[in-house]
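This briefing walks through one protein model, topic by topic. Please keep the sequence and the structure in view while reading.

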Amino acid sequence: MTATTAGTRTTAREGTTTPGPSRATTADGPRDPARPATPGVDRTPPPVRFLDLVPPAALRDELEGALLRVARSGRYLLGPELEAFEHEFAAFAGARHCVAVGSGLDALTLALRARGIGPGDEVLVPGQTFVATWLAVTAAGATVVPVDVAPGTHLMDVDAACAAIGPRTAAIVPVDLYGHPAPHPELRALCDAHGLWLLDDAAQAHGARLHGRPAGSWADAAAWSFYPGKNLGAMGDGGAVTTDDADLARRLRRLRNYGSEQKYVHLEAGANSRLDELQAAVLRVRLRALPAANAHRTAVAAAYGRGLADLAAAGRVGLPVVTAGAEPSHHLHVLRSPHRDALRDALDREGVPTLVHYPTPPARQPAFAGLAAARASLPEADRAAAEVLSLPMGPHLTADEVGRVVAAVCRAVLAVDAGRGAVEGRHRPTGRAVADRRAAVGRSPSGRPDARDPSEEFRLRPADHRDPPDHHERGVRTAAGAPR
Ligand SMILES: Cc1ncc(COP(=O)(O)O)c(C=O)c1O
């Protein structure tokens, strides 16, 4: 998707922004806020970026050192960096084994294949997700059976999953969408009761926890993506499967390497899907920095929640719902509005970049037009696709930028309401959802927001994290899709 906003070009699936013509752009590129103001020069702050893929200054030396170390080593595949990363990421994810592969899609596909799931098997997947969850099932040769998401949470509806189980069902693949853990204990119980395999699509959930346990650790296996825009992102593609199952891990190692355990002996028709040494070295550095980056995301989410609580309580916008016991990774911060497109346009005029994750559910994609799954009734997934709107989110955001986004959303919602001349069709949260949101944003039971200054929660990085414009052009992947 390519979306043009005031001051930014939004060009990646996860919303990578690159500097474009802007009221805050000088002839030298975006102004560096660390530079002293020059009399007579426009003091408009630089535009808020949806996401920033440029390594923060604090990690730059370490990352460059790691890249150089690999470049000079002569070992580029299946070497010591991969082995070390697999150990470190397994520990982080609360699993005994980690097998790192070429992408998140491969992690899902190869995990299903390693379990022996293929033609004749049915796999339950959520109706609202990034298309890869569905593509993996078809790539493994199995049949997609979509399950609608629960209202408000965007996560697989457990009752609907139960109703979808049939004699051919082999597995359930829930998604921790936007970094919010799926209802794992309930799905675990369902799988145990029916003898099904549980594979968590944890591509957006690095560091998320549910009832104190890492998101991926509830399932038989979890598939991860290290796409650059993820909370734990590589400088290219990458993915991994974590599991406690030693046999599954062994078969995955074979499948990712041409079906081979011994050179020129191919036990099965495997793939070439190995996380390379450069990416593994990068990910080891970034994994160490992930807890602090995730804490910053949590602070951003809390500040958004507090700033937008009154709008939400008035039913003007829906906030992310944090379910009981969940500690999300806050990969994306997704609002709901029945007037999403008008709100997005109003924010565009305010200079706030937004994205839609995802505008077309997999069931409505041409790729699945021929499948029975595409004819499934998924009303919540369809409604979500029409209403979701992602705000800027990431460790790059300063307290000032978050405050500007909150103010812009408040103005934009009022402008949209004024433009409509009425407030019919407001988003009305359920009582449970309001309680969950209050818990998430630290409001008192009386509903009064607490008076903490958001900047206290941010360990703000110095202003030098702004980078020269050419850096912003790197690591950007343009997704297919019509421009907005
Ligand atoms: C929920 C989900 N599943 C799977 C994937 C696929 O990951 P990758 O892009 O690394 O193939 C992604 C990544 O965008 C994702 O968000």
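The protein chain has a mean pLDDT of 84, and 79% of its residues reach 70 or more; pLDDT is the predictor's confidence in each residue, from 0 to 100. This is a predicted model, in which local features need pLDDT of at least 70, side-chain atom pairs count only at pLDDT 80 or more, and totals for chains, interfaces and linings use all residues. Residues are numbered from 1 along each chain as its sequence is written.

**Confidence**

- Over residues 1-36, pLDDT stays under 50, and the model has 99 contacts beyond four places in sequence for them. Two residues are in contact if their C-beta atoms, placed from the backbone, lie within 7 Å.
- Where pLDDT is low, the predicted coordinates should not be read in detail.

**Overall make-up**

- The protein chain contains 13 helices and 19 strands. Helices (H or I, at least four residues) and strands (E, at least two) are DSSP runs, numbered from the N terminus.
- Of the 484 residues in the protein chain, 51% count as buried. A residue is buried if 20 or more other C-beta atoms lie within 10 Å of its own, exposed if 12 or fewer, and partly exposed in between, with C-beta atoms placed from the backbone.
- Among contacts in the protein chain with a separation of 6 or more, 71% are between residues 24 or more positions apart.

**Around the ligand**

- The ligand is surrounded by 15 residues, and the closest are Gly104, Leu105, Ala132, Ala203 and Ser225.
- The shell has six nonpolar, seven polar and two charged residues. Here Ala, Val, Leu, Ile, Met, Phe, Trp, Tyr, Cys and Pro count as nonpolar, Asp, Glu, Lys and Arg as charged, and the others, Gly among them, as polar.

**Aspartate 176**

- Aspartate 176 sits in the loop between β9 (169-172) and α6 (184-194).
- Aspartate 176 counts as buried because it has 29 C-beta neighbours inside 10 Å.
- Leaving out residues up to four places away in sequence, aspartate 176 touches Pro181, Ala182, Asp200, Ala202, Gln204, Ala205, Ala208 and Ala215.
- Threonine 129 is 47 residues from aspartate 176 in sequence, and their C-alpha atoms are 9.1 Å apart.

**Strands and sheets**

- In strand β6 (residues 97-101), five of its five residues are buried. His97, Val99 and Val101 point one way from β6, and Cys98 and Ala100 point the other way.
- In a regular strand the side chains alternate between the two faces of the sheet.
- β6 runs antiparallel to strand β14 (residues 239-243), and five bridges join them. Opposite valine 99 stands valine 241 in β14.
- Two strands pair if DSSP finds at least two bridges between them.
- Another group of strands forms an open sheet of three in the order β12-β11-β17, with antiparallel pairing. β12 and β17 (326-327) stand at the edges with a single partner strand each, so one side of each is left without a neighbour in the sheet.
- β11 and β12 run antiparallel and are joined by two bridges.

**Helices**

- Helix α8 (residues 277-313) has a kink of about 50° at leucine 290, shortly before proline 291. The bend at a residue is the angle between axes fitted to the seven residues ending there and the seven starting there.
- After α8 comes glycine 315, with a positive phi near 75°.
- Glu380, Ala381, Ala384, Ala385 and Glu387 are buried in α10. The buried residues of α10 pack against β18 (333-336), α9 and β19 (388-391).

**Backbone points to look at**

- Histidine 154 is not a glycine, yet has a positive phi of about 65°. Histidine 154 lies in the loop between β8 (143-147) and α5 (158-164), and is buried because 25 other C-beta atoms lie within 10 Å.
- Histidine 211 has a positive phi near 50°. The loop between β11 (209-210) and β12 (213-214) holds histidine 211, which is exposed because 12 other C-beta atoms lie within 10 Å.
- The peptide bond from histidine 357 to tyrosine 358 is cis, with omega near 15°. Tyrosine 358 is in the loop between α9 (340-349) and α10 (379-387).

Methods:
A residue is near a molecule or strand if its C-beta atom, placed from the backbone, lies within 6 Å of it.
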